Amino acid sequence: MSVDAARKPLPAPDPDTARLWEGLRQGKLLLQHCDDCKHVQYYQQALCRACGSENLTHRPASGHGKVHSFSVVHRAPGPAFKADVPYAVLLVELQEGPRMISTYVGGNPAEVTFDMDVTLVCEQVSDEITLPRFRRAG
Ligand SMILES: [Zn+2]
């Protein structure tokens with residue numbers, strides 16, 4: 001097994017997402033709030049996806065959300081993930097509205113259910129990258 005195959009692919013921050021990664025390093029999940037139409041988005045970009053406005057303000061999410069959908073992964077997508085299976089991939093609906101893909105931590109993936117309340121966990125995986133994960137709320 002090569003060293004690269006054993007290493008998990010990590011997101012590469014770019015100018016559009018630099019603020020998001022900086023926030024996560026400080027334990028905050030920053031959402032973009034449109035000052036013009038009040039749309040809230042998680043996937044960071046220069047324009048509001050609802051109205052095209054450039055007037056976006058970053059605000060930290062409450063960290064509360066619900067499991068909108070999920071899938072339990074039993075077969076590792078690569079050698080780097082072998083120790084992690086089974087794990088649950090979540091589509092979390094944040095309290096603020098946006099949905100984001102994440103993974104479940106801190107419990108057995110078999111306990112994940114639709115509409116389960118979850119809380120943000122910022123998990124540092126390298127000096128540069130801290131990933132937003134979710135655990136069961138409460
Ligand atoms: Zn807008």
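This is a predicted model: local features need pLDDT of at least 70, side-chain atom pairs count only at pLDDT 80 or more; totals for chains, interfaces and linings use all residues.
1. Donors themselves are N, O and S atoms within 2.8 Å of the metal (3.2 Å for Na, K and Ca), and water is not among the atoms, so sites may look incomplete.

2. Residues are numbered from 1 along each chain as its sequence is written, and side-chain values use heavy atoms, with hydrogens and water left out.

3. Now the zinc ion. Its protein donors are the SG atoms of Cys34, Cys37, Cys48 and Cys51, at 2.3 to 2.4 Å. The angles between the four donor atoms run from 107 to 111°, so the arrangement is tetrahedral. Along the chain, the donors have the spacing C-x2-C-x10-C-x2-C. Cys34 sits in strand E1 (residues 30-34) and Cys48 in the loop between strand E2 (40-41) and strand E3 (56-60), so this pair ties together parts 14 residues apart in sequence. (Strands, E, are DSSP runs of at least two residues, helices, H or I, of at least four, and both are numbered from the N terminus.)

4. Are those two cysteines buried or exposed? Cys34 counts as buried at 2% relative accessibility, and Cys48 counts as buried at 3%. Here buried means under 20% relative accessible area, exposed over 50%, and partly exposed in between (1.4 Å probe, protein chains only).

5. Next, find the open sheet: five strands in the order E6-E5-E4-E7-E8, with antiparallel pairing. E6 and E8 are the edge strands, each pairing on one side only. From one strand to the next, the twist averages 40°. Two strands pair if DSSP finds at least two bridges between them; E7 and E8 have seven, in the antiparallel sense. Pro132 in E8 is the bridge partner of Cys122.

6. Helix H2 (residues 18-25) lies across E7 and E8, at about 55° to E8. For such angles, axes are lines fitted to C-alpha atoms (for helices over the stretch in contact, meaning heavy atoms within 4.5 Å), and values run from 0 to 180 degrees between N-to-C directions.

7. How many salt bridges does the structure hold? There are five, a salt bridge being a side-chain nitrogen of Lys or Arg within 4 Å of a carboxyl oxygen of Asp or Glu. One of them joins Asp117 to Lys66, with the closest N and O atoms 3.0 Å apart. Asp117 is in strand E7 (residues 117-124) and Lys66 in strand E4, so the pair ties together parts 51 residues apart in sequence. Asp117 is partly exposed at 42%, and so is Lys66 at 38%.

8. Another salt bridge pairs Glu111 with Arg136, the closest N and O atoms being 3.6 Å apart.

9. Finally, look at Arg75, in the loop between strand E4 (64-73) and strand E5 (87-94). Arg75 counts as exposed, at 75% relative accessibility.

Key:
Four donors count as tetrahedral if all angles lie between 85 and 135 degrees; four count as square planar and six as octahedral if opposite donors are over 155 degrees apart and all others between 65 and 115; anything else is irregular.
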